[in-house]
Amino acid sequence: MRPIDMIIVHCTATPAGRRVSVTDVDRWHRERGFDGIGYHYLIGLDGTVHEGRPIEKVGAHCLGKNSRSIGVCYVGGLNAAMKPADTRTPAQRRALVELLRQLRRQFPGAVIRGHRDFAAKDCPCFDATKEYSTI
């Protein structure tokens with residue numbers, strides 16, 4: 001297993017309520033030249049945690065941080081006007097917390113950050129670093 005010192009939270013930058021599958025994200029990422037879905041986990045609107053890229057494999061989700069991180073993404077992040085917004089459903093909120101707790105148990109030295117901490121983006125459209133600081 002590769003060393004992991006960071007868990008980075010993302011959003012799909014899709015409108016609230018739009019269903020997005022692992023297959024969709026895999027296709028989007030392949031269209032961008034990646035060798036498949038760049039996230040290790042995708043959280044659906046109903047809170048289902050879907051596996052994406054195996055965690056043993058380096059992700060493609062945060063430039064310069066992929067080799068030592070795990071990418072977790074929730075579906076959503078935009079409001080009806082296509083502006084950044086925290087669109088997490090209650091089920092997504094619960095699933096994210098549980099997944100992040102599980103990953104921190106597996107990788108106790110890993111810190112949780114939002115993609116926006118490393119890129120000029122709003123992703124994941126809320127302050128993940130602050131919200132998950134106690135996990």
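At 44% relative accessibility, A13 counts as partly exposed, a label that covers the range between buried, which means under 20% relative accessible area, and exposed, which means over 50% (with a 1.4 Å probe and protein chains only). The model is a predicted one, in which local features need pLDDT of at least 70 and side-chain atom pairs count only at pLDDT 80 or more, while totals for chains, interfaces and linings use all residues. Residues are numbered from 1 along each chain as its sequence is written, and side-chain values use heavy atoms, with hydrogens and water left out.

**Backbone angles**

Most residues other than glycine have a negative phi, and most peptide bonds are trans. A13, although not a glycine, has a positive phi of about 55°, and M82, also a residue other than glycine, has a positive phi near 65°. With a relative accessible area of 48%, M82 is partly exposed.

| Residue | Phi | Place |

A cis peptide bond, with omega about 15°, joins C123 and P124, and P124 is found in the loop between β7 and α3.

**Aromatic rings**

A pair of aromatic rings is described by the distance of the centres and the angle of the planes. Rings of Phe, Tyr and Trp (its six-membered ring) pair if their centres lie within 6.5 Å, and planes under 30 degrees apart count as stacked, over 60 as edge-to-face and the rest as tilted. A search of the whole structure finds two aromatic pairs. Y74 and F126 form a tilted pair, with 6.1 Å from centre to centre and 50° between the planes. This pair links distant parts of the chain, since Y74 lies in strand β5 (residues 69–74) and F126 in the loop between β7 (111–114) and α3 (128–131), 52 residues apart. The rings of F126 and Y132 have their centres 5.9 Å apart and their planes at 90°, so this pair is edge-to-face. Y74 and F126 are both buried, as are both F126 and Y132, and Y74, F126 and Y132 form one aromatic cluster.

**Buried residues in two strands**

S69 is found in strand β5 and, at 0% relative accessibility, counts as buried. The side chains of S69 and H61 are joined by a polar contact of 3.2 Å; such a contact is a pair of N or O atoms within 3.5 Å, where within protein one must be able to donate a hydrogen and the other to accept it, and residues adjacent in sequence count only if both atoms are side-chain atoms. I7, which lies in strand β1, also counts as buried at 0% relative accessibility. I7 and F107 are 100 residues apart in sequence and 9.2 Å apart in space, C-alpha to C-alpha.

Note on methods:
Helix = DSSP H or I, 4+ residues; strand = E, 2+ residues; numbered from the N terminus.
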